[in-house]
Amino acid sequence: MKQLGFGFTGDYKKEFGGSLLSGKRKAARPLSLRHPIHLVLKSSGSSCFVPGHRKMELLIKSHAKRYGIQLYEVSLNWSHIHLLVKLPSRDAYLAFIRTLTSLLVSLLSKLKGRSLKGLFDLRPFTKILSWGKQFRAVVAYHELNDLEGRGLLVRKKKPKRMRKKSCF
């Protein structure tokens with residue numbers, strides 16, 4: 001006797017946001033409450049998020065704690081922020097992103113002395129990760145990104161024909 005499936009094949013969409021959304025219809029963001037999520041907030045400004053900026057890191061960590069979000073890694077890298085998180089609920093994610101982005105715009109406006117209303121030009125990018133190899137690879141990527149942002153490491157750029165298209 002064969003058991004009938006529920007139509008879930010495991011090949012659901014795992015990435016969402018950023019430049020993947022250009023020219024696409026609105027759709028629900030795929031999120032997982034069991035798996036870690038790589039979250040990227042990209043800015044149109046070139047030097048907004050200074051690596052190692054304690055005030056920004058404390059702001060991110062305090063808001064993650066406020067909404068019950070487990071924060072594994074935070075990486076500020078001039079034009080974008082990488083976060084490695086585990087979410088308790090969809091509502092917590094929505095509240096966290098909404099407040100965090102508005103507070104970051106407010107903080108940077110005070111520091112720069114001018115209004116930065118259109119700081120985040122794209123919606124946040126999220127990718128659902130698996131535990132184990134993929135999680136460790138993203139942690140290593142965060143460390144590499146931190147070193148590169150602080151100027152301690154310079155990566156060689158791949159030739160244009162060799163580069164993979166990336167959303168960040």
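Student: To start with, how many helices and strands does the protein chain have? Then please look closely at the aromatic pair of Tyr72 and Trp131 and its surroundings.

Tutor: Keep in mind that this is a predicted model. The protein chain has three helices and five strands. Read from the N terminus, the elements run β-β-α-β-β-α-β-α. The chain has 168 residues, and 39% of them count as buried. Its accessible surface comes to about 11200 Å². Carbon and sulfur atoms account for 56% of that surface. Now consider contacts between residues at least 6 apart in sequence: 74% of them join residues at least 24 apart.

Now for the rings. The structure holds three aromatic pairs. One of them joins Tyr72 and Trp131. Their ring centres are 6.0 Å apart, and their planes stand at 90 degrees, so this pair is edge-to-face. Where do the two residues sit? Tyr72 is in strand β3, which covers residues 70-77. Trp131 is in the loop between β5 (125-128) and α3 (133-149). The pair therefore ties together parts that are 59 residues apart in sequence.

For both, the cut-offs matter: buried means under 20%, exposed means over 50%, and partly exposed lies in between.

Tyr72 has another partner, Phe135. Here the ring centres are 5.3 Å apart and the planes are at 85 degrees, so this pair too is edge-to-face. Phe135 belongs to helix α3, while Tyr72 lies in strand β3, so the pair ties together parts that are 63 residues apart in sequence. Phe135 counts as buried because its relative accessibility is 15%.

Next, helix α1, which spans residues 54-66. Met56 lies in this helix. Its relative accessibility is 1%, so Met56 counts as buried. What does Met56 touch, leaving aside its neighbours within four places in sequence? The contacts are Cys48, Phe49, Leu76, Leu104, Leu107 and Leu108. Take Leu76 from that list. Met56 and Leu76 are 20 residues apart along the chain, and their C-alpha atoms are separated by 8.7 Å.

His63 is also placed in helix α1. At 9% relative accessibility, His63 counts as buried. Set aside its neighbours within four places in sequence, and His63 is in contact with Phe96, Thr99 and Leu103.

By class, the lining of the second largest pocket has six nonpolar and four charged residues, and no polar ones.

Key
Residues numbered from 1 in each chain as written. Predicted model: local features only at pLDDT ≥ 70, side-chain atom pairs only at ≥ 80, totals over all residues. Heavy atoms only, no water. Helix = DSSP H or I, 4+ residues; strand = E, 2+ residues; numbered from the N terminus. Buried < 20%, exposed > 50% of the residue type's maximum accessible area, 1.4 Å probe, protein only. Contact = heavy atoms within 4.5 Å. Nonpolar A, V, L, I, M, F, W, Y, C, P; charged D, E, K, R; others polar. Areas by Shrake-Rupley, 256 points an atom, 1.4 Å probe, with all protein chains shown as cover. Phe/Tyr/Trp six-rings, centres within 6.5 Å; stacked < 30°, edge-to-face > 60°.
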